[in-house]
Amino acid sequence: MKKAVLTAIAALMCVCFIFSGCTGNFDKSPDQYKKIRWITPDYSFRIYPDNNCKGTYKFNNKKYNIQAKFTGSVVYVYDTDNKNTELFNADWMYEDGNLHIYSINFNKKAYKAFETNYAEFVDLHQEKTK
């Protein structure tokens, strides 16, 4: 009986170790970095932590000036040109050194153009700034 319990505990610890290694451990949230910007490969989404997480988001040839606010594991993105109306909110995590924003909920009531925005996630990487 002891052997079975110890084997189950060992197996559980191995599984936990494997899954904890899938994502990197970071000691700070995306808004706490300095001298970088978070940016998508196509430059459609960018955030500058040194500038209060202000940046831009582009969709259907329209550029929105934004500000991101990170709270725990949720990010809120506001349209700074439209009285800080929430553009969308989403969950975030680090994945392979990138900022992975997922489960995006667009504010379709205030922004009719987003009714055709089917993006569910976006990956941003760090790029150094001067």
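In which sense do strand 7 and strand 8 pair, and over how many bridges? Strand 7 (residues 98-106) and strand 8 pair in the antiparallel sense, over four bridges. Strands here are DSSP runs (E, at least two residues), numbered from the N terminus. Two strands count as paired if DSSP finds at least two bridges between them.

The model is predicted, so local features need pLDDT of at least 70 and side-chain atom pairs pLDDT 80 or more, while totals for chains, interfaces and linings use all residues. Residues are numbered from 1 along each chain as its sequence is written, and side-chain values use heavy atoms, without hydrogens and water.

Strand 8 also joins strand 1, again antiparallel, through four bridges. Here Ile36 has Lys128 as its bridge partner. A salt bridge (a side-chain nitrogen of Lys or Arg within 4 Å of a carboxyl oxygen of Asp or Glu) links Glu127 and Arg37 at 2.2 Å, N to O. Glu127 lies in strand 8 (residues 121-128) and Arg37 in strand 1 (residues 36-39), so the pair ties together parts 90 residues apart in sequence. Arg37 is buried at 15% relative accessibility; Glu127 is partly exposed at 23%. Buried means under 20% relative accessible area, exposed over 50%, and partly exposed in between (1.4 Å probe, protein chains only).

The largest nonpolar core has 27 residues. Such a core is a set of buried Ala, Val, Leu, Ile, Met, Phe, Trp, Tyr and Cys residues joined through side-chain atoms within 4.5 Å. Phe45, Tyr57, Leu87 and Ile101 touch the most other members. Strand 6 gives the most to this core, with five residues.
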